[in-house]
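Here are some notes to read alongside the structure. Keep the 3D view open and find each place as you go.

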Amino acid sequence: MSVPELAAVLAGGYAGAALLRRLAPALDLHAADLFVIAGHDVPGDLAPASGTHPWHVGHVMRSAMRLLGPRLERLHHYIRSLPVLVPDEPLRPARVPPGPGALVMGLLANRNIRPHIAQLLHDVGDGPYVSDSTIYHVVRGESALTPRYITAFAAVLGIEAGDLAALTGVGPSTDTARLYPRRAELAALAWDARRLNSEQLSQVEVLASDLARVDAPT
């Protein structure tokens with residue numbers, strides 16, 4: 001891209017879809033995430049699955065955390081082997097008041113993760129020990145989005161905590177957090193599961209349960 005084109009965007013100009021797709025690799029971000037960050041609809045060819053209630057990728061992440069080494073890799077391989085359909089509709093910005101919480105909620109939605117994930121945030125990113133309803137209030141801007149939350153959300157999303165702090169204006173992130181050691185693998189698995197439908201997510205849950213029983217101590 002040309003220097004004037006990039007300079008115009010950095011000065012607050014409009015970033016179109018083609019430009020966002022070209023920028024994403026340079027910023028080490030998923031193109032779909034860059035659409036969310038820019039406040040645009042995520043195009044259908046990049047959007048996650050929708051209408052998967054009661055299943056969502058947060059459930060899959062919780063189940064995957066019970067697996068050790070090769071079992072986690074086997075689950076991820078199975079997820080990648082499943083066919084995906086391009087959604088009929090784009091992913092539109094979260095319907096919450098504008099602010100840093102709205103951005104976090106949009107990034108979660110881009111992974112088909114609903115915000116009721118207090119336990120997941122605690123286990124993966126050392127988030128505060130709170131209720132699911134508290135997390136919902138945080139992303140809606142009704143409770144404070146603190147640096148500790150930023151660190152936890154970043155771990156679940158698979159985004160550098162410093163980057164998420166810069167994007168939201170909340171930080172710096174927490175350097176002393178006790179993070180889940182395999183969080184990068186977990187986030188990559190979640191990203192590959194984001195386009196699965198309800199039936200496929202249910203199948204993934206069944207396999208995760210079977211693999212967890214193999215790993216369980218006797």
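This is a predicted model: local features need pLDDT of at least 70, side-chain atom pairs count only at pLDDT 80 or more; totals for chains, interfaces and linings use all residues.

1. As background, nonpolar side chains tend to be buried together in soluble globular proteins.

2. Now zoom in on phenylalanine 153. Which residues is phenylalanine 153 in contact with, leaving aside its neighbours within four places in sequence? The list is Val104, Leu108, Leu121, Ile135, Val138, Val139, Leu145 and Leu164.

3. Next comes a pair of helices. Two packed helices are described by the angle between their axes and the distance between the axes. For helix 6 (100–109) and helix 10 (161–168), the axes come within 9 Å and cross at roughly 130 degrees. Angles over 145 degrees would count as roughly antiparallel and 65 to 115 as roughly perpendicular, so this pair is oblique.

4. Stay with that pair and look at the side chains. From helix 6, Pro100, Leu103, Val104 and Leu107 meet Leu164, Leu167 and Thr168 of helix 10. Sorted by class, this contact has 6 nonpolar residues, 1 polar residue and no charged ones.

5. On to the backbone, where two peptide bonds are cis. One runs from histidine 53 to proline 54, with omega near 5 degrees. You will find proline 54 in the loop between helix 3 (31–37) and helix 4 (57–64). The other runs from glycine 171 to proline 172, with omega near 10 degrees. Proline 172 sits in the loop that joins helix 10 to helix 11 (183–193).

6. Please also check aspartate 28, a residue other than glycine with a positive phi, near 60 degrees. Its place is the loop between helix 2 (17–26) and helix 3. Is aspartate 28 buried or exposed? With a relative accessible area of 71%, aspartate 28 is exposed.

7. Finally, visit asparagine 112, which is not a glycine either and has a positive phi of about 55 degrees. This residue lies in the loop between helix 6 and helix 7 (118–125). Asparagine 112 has a relative accessible area of 7%, so it counts as buried.

Technical notes
Residues are numbered from 1 along each chain as its sequence is written. Side-chain values use heavy atoms; hydrogens and water are left out. Helices (H or I, at least four residues) and strands (E, at least two) are DSSP runs, numbered from the N terminus. Buried means under 20% relative accessible area, exposed over 50%, partly exposed in between (1.4 Å probe, protein chains only). Axes are lines fitted to C-alpha atoms, for helices over the stretch in contact, and angles run from 0 to 180 degrees between N-to-C directions. Angles under 35 degrees count as roughly parallel, over 145 as roughly antiparallel, 65 to 115 as roughly perpendicular and the rest as oblique. Contact means heavy atoms within 4.5 Å. Ala, Val, Leu, Ile, Met, Phe, Trp, Tyr, Cys and Pro count as nonpolar, Asp, Glu, Lys and Arg as charged, and the others, Gly among them, as polar.
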